[in-house]
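Open the model in your viewer and keep the sequence panel beside it. The stops below say what to select next and what is there.

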Amino acid sequence: MTGRDVAVNINVTERVNPPKFEKVEDMADLGYLNEASVMHNLKQRYASNMIYTYSGLFLVAVNPYYNLQIYGSDYVAAYKNKKRTEVPPHIFSIADAAFHDMLHSKENQSILITGESGAGKTENTKKVIQFLTAIAGDHKTAAALTATGCSLEQQILSANPILESFGNAQTIRNNNSSRFGKFIRIEFNFAGQIAGANIEWYLFEKPRVTNQSKQERNYHVFYQFMKGADKSVKDRLLIDKGPEGYTFTRKCRQTIQGVDDRAEFDTLVAAMATTGFKTEEQNDLFRVLAAILHMGNMQFQATRNDEAVLREQVAAEKLCHVLGIQLSDFTRAVLRPSIKAGRDWVTQSRTLQQVLLSVEALARSMYERMFGALVSRINSAMSRPDGKSTFIGVLDIAGFEILEVNSFEQLCINYTNERLQQFFNRTMFVLEQEEYTREGIEWNFIDFGMDLQPTIDLIDRTKPIGVMSCLDEECVMPKATDKTFTEKLHGLWANKSDKYEAPRFAMGFTIKHYASQVEYSTEGWLEKNKDPLNEN
């Protein structure tokens, strides 16, 4: 509010709803449905700590950025077996509806949780799983206990702290942002009891392992491990410094306000024990973390012949000791790798820049493979061979991102959201229009999914080639650079698509997405797409 009087043309204003519609629970009930009335209603409810609001079939959640006491066992009981109209809007109501629809129709159900980065998707995903395990679990029968002495429901809930430690990080917008997408299947038997669970993961943000902005952090587990692990464990893995002493964690924030990394490490270890991780398995995970930290501290320099050599061997020796490999074999693989040329293997010397890129690629690959093995181990703990009938799936995909500097990772995330939004529009609005036909309402069919097609074509089309195809093509060209890739894109799409713009000065391009216009920097794209790892 500025206190100024502003004259506005009445033709560009929207109608105001009567006072009886103030803080309405379902915005489909608004007499005048427009953007201004929707935003006003959400704002008024948010100011009264009512963060959930229906919009027809959908539930809108506004992130309060602090803990509200609306998810306890009393709230679970209040929303169990209740119709949507009998209780205020809540994520529990959506989960309860999915559970009962599954039981009555004997068909699988899915809950799609989407929104921009920092909107609260991961937290709401956790609440859905909390509610389902509470209403469907049977904690009383001894047969329901696993080999660890814990119930299957407890194992499912314990999977979340593990995934958050290894897959979440602090970003500019969010202190606990999931840096991967996941589809969680909660499987049920015919009686509606939980019979297993499975997690599929997508779009893991590998570059964060080696590079972060100053306002962000690496993955939580690095800080939790360095601050919370026993001294004996760290001594065995030769970790003798805090986050400020390692290259992959020192150039960003070290702490999160209000978060105790030591306590979070204790929670992680307890969750792994509940899920059935043996001490040896936990130590293997910590060994990979330590190896990555030592790898980041290796220092190289260039000779007069522009060949890379180790400046000092301390970090490399620690790395090889932790992994149980020979120093000479490792340094040879990094500095003079064997490259397959036809049927023969040829030793090739590397420049300083090539070695630095290879080391970072190796660290990223190690972490991603560890994460994949971690999820597989969790899945094996939650898997049950018999008794499965139907499932409820919860999709928590990485949210649309607009950062200070947007790179290849943001394009992949935003492209996924573009595709998801197209599927959402087409599926939901097609179903609605089919309902009109069944009811005999005269209606000209509209394909809402086509609204986003030009942007999708710009990214993934092959003729003319889109951004992804152009990037793949440039990666195999011998003298291609980020600059030649960018110039080629401009030649293909500048002034030929209203969804594409070429900036005047920066090296990159701008795409008009459904959510917003985003400017992407193409610096480092060729190397990110290649992810230079040698076969040896």
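In which sense do strand 13 and strand 14 pair, and over how many bridges? Strand 13 and strand 14 (residues 508-512) pair in the antiparallel sense, over two bridges. Before going further, note that this is a predicted model, in which local features need pLDDT of at least 70 and side-chain atom pairs count only at pLDDT 80 or more, while totals for chains, interfaces and linings use all residues. Residues are numbered from 1 along each chain as its sequence is written, and side-chain values use heavy atoms, with hydrogens and water left out.

**Stop 1**

Select Tyr500 and then Ile511, its bridge partner in strand 14. Helices (H or I, at least four residues) and strands (E, at least two) are DSSP runs, numbered from the N terminus. Two strands count as paired if DSSP finds at least two bridges between them. Now show the whole sheet: an open one of three strands, in the order 13-14-15, with antiparallel pairing. Its edge strands are strand 13 (500-501) and strand 15 (517-521), each of which pairs on one side only.

**Stop 2**

Select residues 299-302, strand 8, together with residues 308-312, strand 9. The two strands run antiparallel and are joined by four bridges. Phe300 has Leu310 in strand 9 as its bridge partner. Five residues lie between the strands of this hairpin, and Asp306 takes a positive phi near 65° there.

**Stop 3: Asn189 in its loop**

Move to the loop between strand 6 and strand 7 and select Asn189. Is Asn189 buried or exposed? Asn189 counts as buried, at 19% relative accessibility; buried means under 20% relative accessible area, exposed over 50%, and partly exposed in between (1.4 Å probe, protein chains only). A polar atom of the Asn189 side chain lies 2.9 Å from the backbone nitrogen of Gln193. Leaving aside neighbours within four places in sequence, Asn189 is in contact (heavy atoms within 4.5 Å) with Ala195, Gly387 and Ser389.

**Stop 4: salt bridges**

Side chains of opposite charge can pair when their charged atoms come close. A salt bridge here is a side-chain nitrogen of Lys or Arg within 4 Å of a carboxyl oxygen of Asp or Glu. The structure holds 29 of these salt bridges.

- Glu200 is partly exposed, with a relative accessible area of 31%.
- Lys206 and Glu368: the closest N and O atoms of this salt bridge are 3.6 Å apart. Lys206 sits in the loop between strand 7 and helix 6 (220-228), while Glu368 belongs to helix 13 (residues 352-382), 162 residues apart. Lys206 is buried, with a relative accessible area of 18%, and Glu368 is partly exposed, with 22%.
- Asp460 and Arg419: their side chains meet in a salt bridge (2.8 Å, N to O). Asp460 is in helix 15 (residues 453-460) and Arg419 in helix 14 (residues 408-438), 41 residues apart. Asp460 is partly exposed, at 22% relative accessible area, and Arg419 is also partly exposed, at 36%.

Then select Arg179, Glu205, Arg208, Glu216 and Glu401 together: salt bridges link them in a network.

**Stop 5: the nonpolar cores**

A nonpolar core is a set of buried Ala, Val, Leu, Ile, Met, Phe, Trp, Tyr and Cys residues joined through side-chain atoms within 4.5 Å. Which residues touch the most other members of the largest core? Among its 90 residues, these are Phe166, Phe222, Phe225 and Tyr367. Helix 13 supplies the largest share of this core, 11 residues. Centre the view on Phe225: beyond its neighbours within four places in sequence, Phe225 is in contact with Val233, Lys234, Leu237, Ile239, Phe265, Phe286 and Leu289.

**Stop 6: cysteines**

How many disulfides does the structure hold? The count is zero, a disulfide being a pair of cysteine sulfur atoms within 2.5 Å. Select Cys470: the nearest cysteine sulfur, that of Cys475, is 9.6 Å away. Cys470 counts as buried, at 0% relative accessibility. Finish at Cys320, which also counts as buried, at 3%.

Note on methods. A polar contact is a pair of N or O atoms within 3.5 Å; within protein, one must be able to donate a hydrogen and the other to accept it, and residues adjacent in sequence count only if both atoms are side-chain atoms.
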